[in-house]
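Please look over the model below.

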Amino acid sequence: MATAEHLSTRRIGDAEVTLILEGAGPYPVDLNVPEATWRPAIPEAAPDGTITLSTGGAFVRLGDAAIVIDLGLDDPGTPTMEQVERVFVGWSMTPGFQAALTELGVTNDAVTHVIITHAHFDHLLGVAVVREGTLVPRFPNARHLLDQADWDLHFTPDGEQRPLAASPFIEVNRTARERLQLIMRAGLLDLVEGDHEVVPGVRMVPAPGESPGHRAVRVVSNGAVWWRLGDLAHYAVELEHPDWLTPTRRDADAMLASRQRILPRTVADDAIVSWSHAPFPGWGRVVTAGDGYRWAPTAL
């Protein structure tokens, strides 16, 4: 993909928000309802039951803050990206998050905060990078923020890794944990609880379900609001049917409660909304539809 295709920037009040695409490709529609139920609501699904999803993060400039949200993957051509490509089979990868920051004129030393919405590999692998054969933090001056519950899910009180369940993701999950441990041992990781203000105008809002400590991010500037929903949904249809969700890995009751709490807030805010795996660029709004909601994409 050309560089011009993996960046999308818009103003939210005085904040400049850039969505950054890292990759896109086929992903199965995996919902807790029969295919005969979901297929009419997802007409773009291929005959094999897949749709095109994307993955990526965001960069926010607001005042003196330079904030990365979910630096998911590593640089192209690295061994870690080979692990990713064994999971995301058939995906097209972009030049990557680092290349996007370079195009935006952002140096790694200038990043002040890294928000990790949850501790899944596709949201944090890029926090570290190999330099001259040594794994080091990519953003050495940034405070990295993660919910305490997600840390506790993966690590003991002594900071050691808990056992990993066997899965196709085990290799890349182990790598993600090693990188998170590195950030902690470097003294750069802050574990947060409750509604947390990162800087004035930027808050990490609890939204458990995808993981125990999953977070959404709310940015407010001059009356304008942007919500980054993280993995509150994978497919747009989940906003219209909040009780539909992927049954594996998720806490269904917690996910439904988070959606019922946060979706009305985005409507009340008249907010621009995006989420991690929406078809790029993924700008839109959550609007009311009957007794529920629907996704309404917006142009820049």
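## N222

N222 lies in the loop between strand 13 (215-221) and strand 14 (224-228). The model is predicted. N222 is not a glycine, yet its phi is positive, at about 50°. Its relative accessible area is 62%. The cut-off for exposed is over 50%, so N222 counts as exposed.

## D70

D70 also has a positive phi, about 60°, and is not a glycine. D70 sits in the loop between strand 4 (65-69) and helix 2. Is D70 buried or exposed? Its relative accessibility is 1%, so D70 counts as buried.

Most residues other than glycine have a negative phi.

## The cis peptide bond

The peptide bond from F280 to P281 is cis. Its omega is near 5°. P281 belongs to the loop between strand 15 (272-274) and strand 16 (284-289). Most peptide bonds are trans.

## Helix 2 against helix 5

Helix 2 (residues 79-87) packs with helix 5 (residues 170-185). The angle is about 140°, and the axes are 9 Å apart. Helix 2 is therefore oblique to helix 5. Angles over 145 degrees would count as roughly antiparallel. The crossing of the two helices is left-handed.

Which residues make the contact? Helix 2 contributes T80, Q83, V84, R86 and V87. Helix 5 contributes E171, V172, T175 and R179.

How values were computed
Residues numbered from 1 in each chain as written. Predicted model: local features only at pLDDT ≥ 70, side-chain atom pairs only at ≥ 80, totals over all residues. Heavy atoms only, no water. Axes fitted to C-alpha atoms, helices over the stretch in contact; angles between N-to-C directions. Helix = DSSP H or I, 4+ residues; strand = E, 2+ residues; numbered from the N terminus. Parallel < 35°, antiparallel > 145°, perpendicular 65-115°, else oblique. Left-handed = near helix turned anticlockwise from the far one by under 90°. Contact = heavy atoms within 4.5 Å. Buried < 20%, exposed > 50% of the residue type's maximum accessible area, 1.4 Å probe, protein only.
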